[in-house]
Amino acid sequence: MLLRILLLLGVFALGVLGAEDFYKLLGVKKDASERELKKAYRSLSKKFHPDKNPGDESAHEKFVAVAEAYEVLIDEESRRVYDQYGHEGIKQHKQGGSPRQHHDPFDLFSRFFGGSGHFGHSGGQRQGPNMELRVAIPLRDFYNGRVTEFEVEKQAICSACEGTGSEDGHVETCDACGGRGARIQRQQLAPGLFQQMQVQCDKCNGKGKTIAHPCPVCGGSRVVREPEKHELHIEKGMPLGVRITYENEADESPDWVAGDLIVHLAETDPQYGQQDHERTDGTFFRRRGKDLFWREVLSLREAWMGDWTRNITHLDGHIVQLSRKRGEVVQPNQIEIIADEGMPVWHQELENNAGEVYGSLHVEYVVVLPDQMEKGMEKDFWGVWEKYRKKSGKLLDDEWGRPKEPIVMPSADDHDEL
């Protein structure tokens, strides 16, 4: 009796381990939602597809295993059986003839991406149009690199009817056009003169198929519009306008292999965020290629007399210190160039694996003059300026040779002989 109990416990434990294996295979948690399962399958099926891994038997096996795991977990009934009884339970469930169990991983792949289950470049399959999308991110993400997500609304194959358009899975050949989607129409132009033309079949709307019971989700159209999230990997120093391609992630259809989703990276307008790392001075840097630009404001005293220090918080939080000793003058609109404080250079633009290389930070100094002064302060300043003006001052008009009277220009009637 004890031995029997131990055997039952062992079978139960194997079932639990088996259930965990499918979830681990897809890289999801046991409470994963339908959207999370679809996302995991989409990513892994493309990664291990035999067309992308020619001659790699392990990738092919992984492709088949991922398809099996997805088909079990995406169906509510089979997932419940799997969670309770593991692989053995699923085996018996399949033998019972569940109508939703498919065994061809390429068939499953085609229901996700269209076509015949193969990529467009490896079987002459028709490929759908590409989609292009502009995604704007803050400058700090271009500087630091980041992994984030974006959402796009696209046409997807209806998962309720698996792209058939039929609630019960039955699709009939149109009896009006014989499945061609078009009919020959004969039109009389004159007595004894006829013209034949091909027109779209009005019974099946050119599809060549008719559906008795349309899918309630897609209405028989076989596709739906739905939002889909994608991971966006932003690498340090990526240039503006760089194109990131997501293969076969454009609009889907049962009639073609999905095209590519092409993302163009742009920069958002600078603005303070709510978190500390979103509130650095670097938020307001301007970028030009590998260099950054910053405008620093100085008072008249600071620009004239020096003896000041400023700390600028860079895009990654480190401090860039600006300073002048006493007596060091800063001219209005003077530019200071600080090496290695600009943008990181994108690794694809480096030669010979040069490691991390940075551009320069260009600091432009703007001097703000006081718009009012106390009477005593004005008197003191005037006295200082007058003392040095009388000692070594110069009249710039005289220095530059500017005339003291208006210059008479020649009239329109005057001319020189050639």
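Biologist: How many nonpolar, polar and charged residues does the lining of the second largest pocket have?

Modeller: This is a predicted model. The second largest pocket holds about 340 Å³ of space, and 14 residues line it. By class, that lining has four nonpolar, five polar and five charged residues.

Biologist: Which residues lie nearest the centre of the second largest pocket?

Modeller: The lining of this pocket comprises 14 residues. Those nearest its centre are Thr164, Val171, Lys207, Lys209 and Ile211.

Biologist: Is Ser166 buried or exposed?

Modeller: Ser166 sits in the loop between strand S2 (146–157) and strand S3 (172–173). Leaving out residues up to four places away in sequence, Ser166 touches Cys161, Val171, Ile211, His213 and Cys215. Buried means under 20% relative accessible area. With a relative accessible area of 1%, Ser166 is therefore buried.

Biologist: With which side chain does the side chain of Ser166 make a polar contact?

Modeller: A polar atom of the Ser166 side chain lies 3.0 Å from the backbone oxygen of His170. The side-chain partner, at 2.6 Å, is Asp168.

Biologist: Which element gives the most residues to the lining of the largest pocket?

Modeller: The largest pocket has a volume of about 1200 Å³ and is lined by 47 residues. Elements that give two or more residues to this lining include helix H2 (34–48), helix H3 (57–74), S2 and strand S7 (223–234). The lining has 14 nonpolar, eight polar and 25 charged residues. With 10 residues, the element that gives the most is H2.

Biologist: What is the phi of Asp307 near?

Modeller: Most residues other than glycine have a negative phi. Asp307 lies in the loop between helix H7 (300–305) and strand S12 (308–313), and at 51% relative accessibility it counts as exposed. Its phi is positive, near 60°.

Biologist: And what is the phi of Asp340 near?

Modeller: Asp340 is in the loop between S14 and strand S15 (361–368). Its relative accessible area is 51%, so Asp340 is exposed. Asp340 is a residue other than glycine with a positive phi, near 65°.

Technical notes: Residues are numbered from 1 along each chain as its sequence is written. This is a predicted model: local features need pLDDT of at least 70, side-chain atom pairs count only at pLDDT 80 or more; totals for chains, interfaces and linings use all residues. Side-chain values use heavy atoms; hydrogens and water are left out. Helices (H or I, at least four residues) and strands (E, at least two) are DSSP runs, numbered from the N terminus. Buried means under 20% relative accessible area, exposed over 50%, partly exposed in between (1.4 Å probe, protein chains only). A polar contact is a pair of N or O atoms within 3.5 Å; within protein, one must be able to donate a hydrogen and the other to accept it, and residues adjacent in sequence count only if both atoms are side-chain atoms. Contact means heavy atoms within 4.5 Å. On a 1 Å grid over the protein atoms alone, a cavity is a set of points where a 1.4 Å probe fits but cannot get out, and a pocket is an open set with protein on both sides within 12 Å along at least five of seven lines; lining residues have an atom within 4 Å of a point. Grid points are joined across faces, edges and corners, and a volume is the space filled by probe spheres set on the points. Ala, Val, Leu, Ile, Met, Phe, Trp, Tyr, Cys and Pro count as nonpolar, Asp, Glu, Lys and Arg as charged, and the others, Gly among them, as polar.
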